[in-house]
Amino acid sequence: MQSSPWWKEATIYQVYPRSFFDSNGDGEGDLPGITARLDYVQQLGVDAIWLSPFYTSPNKDGGYDVADPRGVDPRFGNLEDAKELITAAHQRSLRVIADIVPNHFSDQHHWFQAALKAPRGSKERARFHFYDANSDGTPPNNWISLFGGPSWTQVEDGQFYLHLFDSSQPDLNWENPEVSEDFEKTLRFWIDLGIDGFRIDVAHGLVKEDILKNHPDPQGLSDALRLDLAMDTEKRNALLLTVPYFDRQGVHEIYREWRKIFDSYIGRDIMAVAEAWVHPPVNATRYVRADELHQVFNFDLLTAEFTAKVLYDVIDRSIALNATVNALPTWALSNHDSPRVVSRIGQEQAGALALFVFGLPGSTYVFAGQELGLPDGELSDSDRQDPSFFRTKGVIKGRDGARVPLPWSGDATPFGFTTGKPWLPISQSWSQFTVKSELKNPKSSLHLYQNALKLRKEFMNGSGEITWVESPEHASKGQALLAYHRGSVTVFMNLTDITQECKVDGKLLIVSSGTVDAHNEMKVIPARSCAWFIA
Ligand code: GLC
Ligand code: CA
């Protein structure tokens, strides 16, 4: 069943353009490469693709450093290629979501280049956050960049500019009306070209308060924001409540203006999803309103342990929080910023969790390669390109492992991704993960995803709320099974390394790995797997 509107229970496939498919042998994926492989995407059974940035960019941060938000970077093709991609996707009933990056521009954007040449106090500098040094020459405050190091860089005349990320990503000053006018232009530009929605990068970051105040524990805050898992949870949560530059009230006003733009395209159903890492979690739902954004990412599953207790808690909480704003949650197991789910929790566990999540109400995001069961790529330090690797002097390895190009076919690396040298090396051990070999293997992760997404459409979408089986509010850490009913389907997940028996009346629809033995209503669920039964 198709839920209405289209995005409400969609499956959205995140494509990282540089790593998807290379059409011209230069070792980097591109827009014509994506168009060439849309049949594959369609056969996967998703409803939409979200394209990570393909705009003009010096590519210091994987294209999230935008030098011209209304232009296509030559490495990815040109505007005609973008139009062709959108048309070809629409012909296959796939919507297209673009990434918009409003927190910062690249230092190569003509605005920033002009600001460098202009004097302090000029209107060119007022589009960014330029301030004088303190009297002792230090930066205006002690904030630390999310990629490590100070979040201020000094220019020739001694002023500093703010960058929450890399020094090549100057933060924009959203108090300046020229900034909002320019973003309105950009939104309209892509909607007019056929784009169906936006993923808003660092959506919580645009408005800064107390810019001239020091933070009492800038390093602790920076570790907390990186979700440093070694940090004590209480300490982390307490620090996260003190961020001076995220989740300020002003950001909501910006998105309410954006919503008016989206809704002015009558009949287009333009949607937007916020990337908003905020604390406490209830704050995330404040981005989702009838007069604001349509969805907010829920990142809990990117870090959740594979235990009944943790999974129950994060899933139940997300459903409940979204219900307070009359919305459905979003789910994501992987993205371009986090370790791949297989590397984090294991191959079979990742398949089980995907199947479990595909049955839940709301939208599901799948990061390209996740359907193949790809682990993180093995890289040496000389391969790495993530600015967080350089800015922390290698202490943090960065996110390149999740961005290794997709293996398509053949027995030897680079497995049909390119006829040239891939921008990140693809390990020879990935021969088992190529699209071609997985299509031949009925037990592959790809088949699991294809089958599951078909069944999700048939039985789950539009089937309302879930009810948990066996009062999991008492779920202890050691609990073996997690289960819910939705519509006529019951979903069981076995979190342990041994088979588990359960009582369920019904016929097996799908299992993520292994085989389910049935003795009438007693079913044996394989270790580390998930199964759907229909009454
Ligand atoms: C977002 C993107 C990430 C990027 C950062 C700065 O978190 O997902 O890849 O590095 O914003 O733009
Ligand atoms: Ca290319």
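Select Thr 11 and Arg 456: their side chains make a polar contact of 3.0 Å, a polar contact being a pair of N or O atoms within 3.5 Å, where within protein one atom must be able to donate a hydrogen and the other to accept it, and where residues adjacent in sequence count only if both atoms are side-chain atoms. The model is predicted, so local features need pLDDT of at least 70 and side-chain atom pairs count only at pLDDT 80 or more, while totals for chains, interfaces and linings use all residues. Residues are numbered from 1 along each chain as its sequence is written, chains are lettered from A and ligands numbered from 1 in the order in which they are written, and side-chain values use heavy atoms, with hydrogens and water left out.

Keep Thr 11 selected. Thr 11 belongs to strand E1, residues 11-15; helices (H or I, at least four residues) and strands (E, at least two) are DSSP runs, numbered from the N terminus. Thr 11 counts as buried because its relative accessibility is 1%; buried means under 20% relative accessible area, exposed over 50%, and partly exposed in between, with a 1.4 Å probe and protein chains only. Next, display the residues in contact with Thr 11, contact meaning heavy atoms within 4.5 Å. Leaving aside neighbours within four places in sequence, they are Val 46, Asp 47, Ala 48, Thr 364, Val 366, Leu 453 and Arg 456.

**Tyr 16**

Move on to Tyr 16, in the loop between E1 and helix H1 (31-36). With 5% relative accessibility, Tyr 16 is also classed as buried. The side chain of Tyr 16 makes a polar contact with that of Arg 403, at 3.4 Å. Beyond four places in sequence, the contacts of Tyr 16 are Ser 52, Gly 62, His 336, Phe 367, Arg 403 and Trp 423.

**Ligand 1**

Which residues are the closest to ligand 1? Select Asp 61, Asp 201, Glu 275, His 336 and Asp 337, the closest of the 14 residues that surround ligand 1; a residue is near a molecule if one of its heavy atoms lies within 4 Å of it. An N or O atom in the side chain of Asp 61 is 2.7 Å from an oxygen atom of ligand 1. For Glu 275, a polar side-chain atom lies 2.7 Å from an oxygen atom of the ligand. For Asp 337, the corresponding distance to an oxygen atom of ligand 1 is 2.4 Å.

**The largest cavity**

The next stop lies among Tyr 55, Val 66, Pro 69, Asp 99, Ile 100, Val 101, Phe 105, Phe 183, Thr 186 and Trp 190, which line the largest cavity. Strand E5 (95-100) and helix H5 (177-193) each give two or more residues to this lining, and H5 has the largest share, with three residues. On a 1 Å grid over the protein atoms alone, a cavity is a set of points where a 1.4 Å probe fits but cannot get out, a pocket is an open set with protein on both sides within 12 Å along at least five of seven lines, and lining residues have an atom within 4 Å of a point. The volume of the largest cavity is about 60 Å³; grid points are joined across faces, edges and corners, and a volume is the space filled by probe spheres set on the points.

**The second largest pocket**

Turn to the second largest pocket, which holds about 570 Å³ of space. Its lining has 30 residues, and those closest to its centre are Lys 443, Ser 444, Ser 445, Leu 448 and Ser 512. Elements supplying at least two lining residues include helix H11 (347-358) and strand E18 (507-511). Helix H14 gives the largest share, six residues.

**Backbone details**

Select His 279 and Pro 280, which are joined by a cis peptide bond with omega near -5°. Pro 280 is in the loop between strand E10 (271-274) and strand E11 (295-296). A cis peptide bond also runs from Thr 413 to Pro 414, with omega near 10°.

Finish with two residues of positive phi. Val 202, not a glycine, has a phi of about 45° and is buried, at 4% relative accessible area. Asn 326, also not a glycine, has a phi of about 60°, and at 70% relative accessibility it counts as exposed.
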